[in-house]
Amino acid sequence: MDTMRERFISVTSRLLDEDPRLALVLAEITMDGFRPAQRRHPDRVINVGIREQLLIGVGGGLALTGLRPVVHTFASFLVERPFEQVKLDFGHQDTGGVLVSSSASYDWPAGGYTHMAPGDVALLDTLDGWTVHVPGHPDEAEALLRHAYAAGDDRVYVRLSQMSNAAPRPGADGLRFQTVREGRAGVVLAVGPMLDGVLAATEGLDVTVLYAATVRPFDEAGLRAAVARASADVVLVEPYLAGTSAAAAGQALLDVPHRVLPLGVGRAELRRFGTIEEHTAAHGLDAGSLRQRITAFLG
Amino acid sequence: MTHATAEPGFRYEDLGRLMALMTGDEKHGPAATSTLDVLWVLYDRVLRVDPASADEPGRDRFLLSKGHGPMAYYAVLAAKGFLPVDWLPGFGTFDSPLGHHPDRVLIPGVEIASGSLGHGLPLAVGSALGLRAQGLHEPAVWVLIGDAELDEGSNHEAIAYAGSAGLEALHTVVVDNDSATHGWRGGIASRFEAAGWSTATVDGRDHAALHAAFTTPHPGRPHAVVARVEKKF
């Protein structure tokens, strides 16, 4: 199975052939994979060099002329470094585009903190109108990328990761939360690649498990319906900064007495290298830690 | 937004009166008047855009990156019929489309919403690339920045890339009123030249010199015009 990033290359290269409105902007990262596409479309596959402010500004300029820009680099350089460009060169110009990141929260732990961006979704949450897709499998990534490219002038962020569930969830290309399992004692929302761990952690527990490959807009109706069938004890399990969706969940349950346990990547810098699995465990997101934290919360 | 306004037939001599209709942003007065002649020569004699063609794909684009002190810009847009003169006295008020920084969503003919420095040139690079990718080789893209705005690193990313890529459709006017704290040793034009741009440095009050600099051919290269005006203070 290819990775989400490899799927991004193949599906985007193909769609550049089919959709003359699509244009890709890169800042060296992933350039090698797009060389064949660049040879076919030299005017629509643009590499600006290691210049992330320009990367976003060029995407904004392409959108001003009516194209659908796809802008890609690692999450820390795409969202965090040029954040004011993201805010002003798309939203304030009233234009849209598709930001596609890779590297996610800790895809390259041996690379250290400079290449980690657990705060990207929380940062985008300070802006209006961004759809946020967090696919949990390369097949879902392909479906969501196609969806994003075709989404008119919407502003869309697609967060790709090395982490993946073993199998795609059918129908995960929509905006709705999916019910994977039903129970009575509480609702656990698993986002993207967290699903397999959550399913293992909740094995045999009487809880509802919801799955989200799209977190913004937050499916308020989906959460409310699940809470109505189970209980208003909600656990969020997100592959980025813990608590990122806590406000959205609180908004969804504004008139329902509820409790929320937000789980995700810790705020404190870990200052460790190693593997993805070791970082997942260190943040308490492996199946064993999740089970312990979820059962303690649900009592 | 569409707004039909007849060509009012204003002349350069009317711009002072139009600017006087706008009050409340006097702190940016020097910034506003520094751009007046550049803007007038561009809109009067160079840019292929008017209120009727303001939404046409083939129009020239003018991006005001130096969004602070936009009174001269608004005066020229009013003089050329993009916006009604009776909008000017409302400048900066809650019900006016005219802010102390311009907003493309609110003002006809305004290509970008600006104010934060260092955004216009990268957006102009993207606009030039986007037009080229759509086979639109006629439109020119112009962006106006200030000498202190040139301090922003994003501009240097754009200058280096545009020079290397040979973006012939791209034109930058740097209005140099000597407002950058540390200045530019060797002159502003040298930064562009080192990146492969065509350049000209002229008196920013001399309409004939500005016009000649604006219309200098620059095959295969982007073009930068440094328009020097009196010191800010």
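How many helices and strands does the secondary structure of chain A come to?

## Fold and overall shape

Chain A of this predicted model has 12 helices and 12 strands, where helices (H or I, at least four residues) and strands (E, at least two) are DSSP runs numbered from the N terminus. Its radius of gyration is 19 Å, close to the 19 Å from the globule rule for 299 residues, so chain A is as compact as a globular protein of that length. That radius is taken over C-alpha atoms, and the rule is 2.2 Å times the number of residues to the power 0.38.

Along the principal axes, the C-alpha atoms of chain A fill a box of roughly 60 × 40 × 35 Å.

## Burial and contacts

In chain A, 59% of the 299 residues count as buried, meaning under 20% relative accessible area (1.4 Å probe, protein chains only). Take the contacts (heavy atoms within 4.5 Å) between residues at least 6 apart in sequence: 73% of them join residues at least 24 apart.

## Charge

Chain A carries 28 positive and 36 negative side chains, with the centres of the two sets 1 Å apart. Lys and Arg count as positive, Asp and Glu as negative; His and the chain ends are left out. Each charge is placed at NZ of Lys, CZ of Arg, CG of Asp or CD of Glu.

## Confidence

The model scores ipTM 0.96 and pTM 0.96. Over residues 1-5 of chain B, pLDDT stays under 50, and the model has 10 contacts beyond four places in sequence for them.

## Conventions

Residues are numbered from 1 along each chain as its sequence is written, while chains are lettered from A and ligands numbered from 1 in the order in which they are written. Local features need pLDDT of at least 70, side-chain atom pairs count only at pLDDT 80 or more, and totals for chains, interfaces and linings use all residues; side-chain values use heavy atoms, leaving out hydrogens and water.

Definitions and conventions
Buried means under 20% relative accessible area, exposed over 50%, partly exposed in between (1.4 Å probe, protein chains only). pLDDT is the predictor's confidence in each residue, from 0 to 100.
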